[in-house]
Amino acid sequence: MNQNKLLIAALLFVLLPVTKSHGQLITQIDTERVQLVYFGGRYTYMTPHVLRTFFNAMDFHQELWDYDPGKIYVMLNDFQDYGTGGAITMPLNQVFIGIGPYNFAFSIVPSSERFQWLFNHELTHVVMTDKPNSRDERWRRAFFGKVRRDEAHPLSALWSYTTVPRWYAPRWYQEGIAIFMETWMAGGLGRTMGYYDEMYFRSLVHENAPIHSVVGLETEGTALDFQVGANAYLYGSRFTTYLAREYGVEMLHDFFVRSEDSKAFYARQFRRVYDKPVRQAWAEWIEFEKQFQQENIDRVKEYPLTAFKPISSHPLGNASTFRYNHDTQKMYMAINYPGIISQIAEIDTRTGDIRKLATLDSPALYYSTHLAYDPDSNIVYITEQNYKYRSLVSIAVETGRKETVIPFSRTGDLVFNLADRSIWGVRLDNGHSTLVKIPEPYESIEPLYETPFGKAIFDLDISSDGKYLSATLSGVGGEQELVIFETYKLEMGDTGYRSLLKLDDNTLTQFKFSPDNQYLIGTSYYTGVSNVWRVGIKDESFDLLSNTETGFFMPYQYREDSLLVLRFYRDGMMPGRIPLEVLHEANAINFLGMDVLKRDTQLVEWSLPPPAPIDTTGLREVPYHPFREMFLANAWPDVAGYKNTAAAGYRMLWRDPLSLSQIDLFLATSPWSSYEDKQKVHAHLDWRYWNWKLSATWNRTDFYDLFGPTKRSRAGYSIGFSYDRSYTLKEPFRYSYSFAVYHYGGLEVLPQHQNIESPLRQFQAATAGFNMSKLRRTLGGVDHEMGYNWRVSGLTYYAADSFYPSIVSNQDIGFLVPGIRNTSFWIRNSIGQSFGSKGTAEEPDPLSYFYLGGFRNNYVDWREPRQYRSSLAFPGAEIDALRAYNYVRTMGELNLRPIRTRNVGTTWIYPTYIYTSLFGTYLFTDPDRSYVSRHVFNTGFQTDIELVMFSYMKTTWSVGYAWLFESRQDQQGQLLLSVKLLGM
């Protein structure tokens with residue numbers, strides 16, 4: 001008991017200073033309707049505007065949907081360069097806002113005021129998933145709040161569905177209505193009227209490519225397409241807009257709103273409102289879409305089309321801007337399409353041959369990376385960590401050698417100035433967009449021009465003589481402006497610029513100087529199609545240079561009469577050539593959103609007014625203290641397994657809004673068991689605070705012990721604390737470290753080994769670990785396909801005045817199998833060494849040994865399906881059957897290409913893929929003691945089928961078999977049958 005008190009005292013000594021220091025990092029503004037939380041005081045200048053836009057959007061939603069949200073928690077962050085948004089409604093209504101300017105790649109996102117646009121969109125998610133009817137409210141009262149699904153406790157999924165049923169609808173459903181609302185609340189600026197959306201579906205019809213069914217979208221469309229998850233936005237927006245066009249906005253409102261007589265599951269609600277299954281309506285939309293887009297294609301073709309001569313043999317997926325070397329006639333760009341690892345490529349424009357220069361780490365969707373090129377030194381400069389704080393990286397074209405120039409530059413839109421060998425770009429930081437210069441030797445970043453708050457600058461280019469810089473400026477009203485700076489004036493502090501052209505509600509992007517510096521040539525959706533346009537620098541003329549059915553991007557004049565461009569296809573961008581000639585006529589296309597507006601003119605009234613001023617006198621910034629902000633989030637009945645019986649009890653969750661401090665408590669009993677009375681009471685407490693965790697158990701339970709051979713429940717008690725820290729700023733490279741100390745009492749078996757009797761009833765343990773990895777997979781993959789992972793962990797028991805230390809090192813390395821898409825081969829090694837007392841041959845000391853064996857899956861489980869990869873697994877042998885004081889284990893694993901299903905299943909349950917792995921393992925135990933050493937082999941397979949239920953509940957059904965071989969021993973076999981519940 002004294003040891004327990006000492007442990008708790010040590011824990012408090014460590015945690016209390018951390019509580020104080022971390023609490024000072026976070027600031028909040030708390031009002032009756034919204035609690036605004038952010039780090040430090042850097043965002044203070046924008047908080048009044050953020051609140052104004054929040055109230056503006058929330059007031060509209062409350063009236064339209066008859067919704068009372070209570071308090072909403074808004075978290076501002078600047079953890080990545082481009083602005084982002086997200087929302088969740090379990091257990092709280094929370095909106096997460098990345099404060100940076102948008103990513104305007106290919107004009108997918110409208111260039112409107114970003115905070116208003118984000119709140120229009122994200123608060124739609126809050127309304128759609130949180131608004132309850134009386135049945136939902138009864139469940140919420142019963143559970144003291146909304147329940148969030150927890151894979152470790154699968155009953156939470158049932159309670160979560162009863163409290164927030166509309167959360168469990170497919171992604172297209174969620175994003176479709178959010179995009180519809182974002183568009184009309186912004187007066188028509190949004191993706192319902194999106195140029196890119198029209199181009200995508202027009203391209204499908206132009207190429208006679210399939211349009212995914214409602215099930216096929218989820219099984220294949222969001223995995224194999226180069227746009228992956230973004231397809232949910234495209235299809236959801238399109239189908240929602242179609243419903244509004246065909247049946248009106250009132251029926252659309254009835255479909256999405258959670259009313260008293262509405263159905264909980266979205267597909268049943270669809271049938272109630274539209275009197276037909278959603279699959280039938282989706283099929284009708286596909287036929288309509290084909291006709292609608294064919295009419296647009298015919299309109300475009302009424303005037304001669306621009307001849308396009310492709311360079312590559314196929315589209316290249318996501319593609320960056322490209323740079324061209326006139327001497328070698330080669331172009332340099334980043335590409336990322338299914339079947340390859342994203343890369344920086346050299347493309348020979350004469351032959352179409354593609355040579356990989358280097359792997360591109362952390363590619364972004366659509367634009368892949370920002371790229372500049374120095375032709376004199378033959379060096380490509382790119383950005384990596386594109387979803388974090390961006391690094392500046394150089395790549396030598398001849399050797400492909402990569403070198404990080406600036407680790408955290410936060411600078412994109414790169415362009416190289418031939419005149420002074422400097423790199424120019426746009427730095428995004430603290431919500432601002434700043435034009436910067438990085439002079440040779442590229443060690444410092446010099447700010448030159450910061451745009452006014454709410455505006456953004458992007459798509460830079462520099463004239464060949466270095467005198468002028470062009471850029472696009474976006475405004476808060478959706479306008480875009482092509483501007484030109486004089487570089488020497490910028491460097492002198494003069495930030496004045498000349499406006500060449502300004503378009504309201506339209507785009508002016510990707511403009512580059514012509515070789516004679518007399519024109520800027522770029523793209524615009526002026527006709528609704530992304531065509532090439534030329535702007536005269538002197539006379540400000542605006543000339544059309546192309547007419548295409550799909551879309552041209554990234555134009556570059558490489559000869560007097562020709563342009564290099566990227567053309568949009570269903571599978572991404574394809575480089576090619578078009579002639580340089582001025583066209584005088586082209587037709588505009590029709591937009592599906594305009595048909596909706598013609599049918600329901602009331603949508604004009606949805607346009608929000610400018611945000612009204614708010615009284616800031618009562619707003620006060622105060623520190624955010626996670627512990628003080630804690631509250632009971634929910635409480636609900638749960639069951640768990642205890643050894644060979646079941647326990648029933650109650651699970652309670654206290655947390656703060658940011659979930660920095662969280663207490664999980666489970667109290668249960670198993671009075672029907674045959675165990676002694678003190679083993680009929682169960683308790684489990686976890687308190688997480690930042691990276692720290694306090695754990696205490698009494699007769700620990702585990703739900704999944706109810707199903708299968710692996711047992712994690714333990715008799716006795718434990719108390720301990722741990723620390724775990726991960727670093728991910730250099731994705732895909734990441735590393736983490738952890739340590740923990742525990743005290744165990746009343747033990748029957750060892751904490752780590754269910755079948756090994758503990759020699760002592762109580763002892764202490766300490767662990768430490770370090771993990772380093774760089775893992776990648778190609779588009780279409782379901783698992784890591786290449787890279788490395790190194791994990792080293794140490795464990796020591798302290799028992800009967802003796803230490804029992806041990807160490808385990810695991811090393812995995814994998815690579816893609818050439819020529820076979822999404823197929824990889826891995827070598828997985830594990831080495832273990834113990835340093836404690838061996839004991840005697842007749843009575844070995846169990847605290848000093850490793851025990852291996854088994855697939856390590858339960859029949860029903862929640863961990864990753866391929867548990868055979870874990871260091872103590874050895875399929876073919878029973879769990880803990882193979883004892884070793886030290887060991888070497890080597891596995892070879894071949895992961896076959898997953899089989900994707902297309903239109904199999906129903907709207908509420910469908911399979912997505914079938915994935916098979918083949919493996920063989922060699923285990924050498926006690927190599928330093930030949931008289932007890934063993935050479936054990938196995939070979940086997942595992943096949944996984946992912947099955948999705950209710951859109952968000954992914955399960956993995958696994959079957960496997962392994963054969964074990966050992967000299968002078970009978971061959972053994974082991975069957976695996978397992979279901980992994982509730983995957984993401």
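How many helices and strands does the secondary structure of the protein chain come to?

## Overall build

The secondary structure of the protein chain comes to 14 helices and 53 strands, where helices (H or I, at least four residues) and strands (E, at least two) are DSSP runs numbered from the N terminus. The radius of gyration is 30 Å, close to the 30 Å that the globule rule gives for 984 residues, so the chain is as compact as a globular protein of that length; this radius is taken over C-alpha atoms, and the rule is 2.2 Å times the number of residues to the power 0.38. Along the principal axes, the C-alpha atoms fill a box of roughly 95 × 65 × 55 Å.

This is a predicted model, in which local features need pLDDT of at least 70 and side-chain atom pairs count only at pLDDT 80 or more, while totals for chains, interfaces and linings use all residues. Residues are numbered from 1 along each chain as its sequence is written, and side-chain values use heavy atoms, with hydrogens and water left out.

## Interior, surface and charge

Of the 984 residues in the protein chain, 61% are buried, a word that stands for under 20% relative accessible area, with exposed meaning over 50% and partly exposed lying in between (1.4 Å probe, protein chains only). Among contacts (heavy atoms within 4.5 Å) between residues at least 6 apart in sequence, 59% join residues at least 24 apart.

The accessible surface of the chain comes to about 38800 Å², and 54% of this belongs to carbon and sulfur atoms; such areas come from the Shrake-Rupley method with a 1.4 Å probe, and for residues only the protein chains shown count as cover. The chain has 97 positive and 108 negative charges, and their mean positions are 5 Å apart. In this count Lys and Arg are positive and Asp and Glu negative, while His and the chain ends are not counted, and the place of a charge is taken as NZ of Lys, CZ of Arg, CG of Asp or CD of Glu.

## Aromatic pairs

The structure holds 89 aromatic pairs, that is, rings of Phe, Tyr and Trp (its six-membered ring) whose centres lie within 6.5 Å, with planes under 30 degrees apart called stacked, over 60 edge-to-face and the rest tilted. One of these pairs is formed by Phe54 and Phe119, which are edge-to-face at 5.6 Å centre to centre, with 80° between the planes. Phe54 belongs to helix 2 (residues 47-65) and Phe119 to helix 3 (residues 114-130), so that this pair links distant parts of the chain, 65 residues apart, and both Phe54 and Phe119 are buried.

The ring centres of Tyr324 and Tyr558 are 5.7 Å apart and their planes stand at 70°, so this pair is edge-to-face. Tyr324 in strand 8 (residues 323-325) and Tyr558 in strand 28 (residues 552-559) are 234 residues apart, and the pair links distant parts of the chain; Tyr324 and Tyr558 are buried.

A cis peptide bond with omega of about 15° joins Glu440 and Pro441, and Pro441 lies in the loop between strand 18 (432-438) and strand 19 (446-450). The peptide bond from Glu731 to Pro732 is cis as well, with omega near 5°, and Pro732 lies in the loop between strand 37 (714-730) and strand 38 (733-745).

Arg410, although not a glycine, has a positive phi of about 55°; Arg410 is found in the loop between strand 15 (402-406) and strand 16 (411-417), and is buried with a relative accessible area of 8%. Asp413, which is not a glycine, has a positive phi of about 50°, has its place in strand 16, and counts as buried at 13% relative accessibility.
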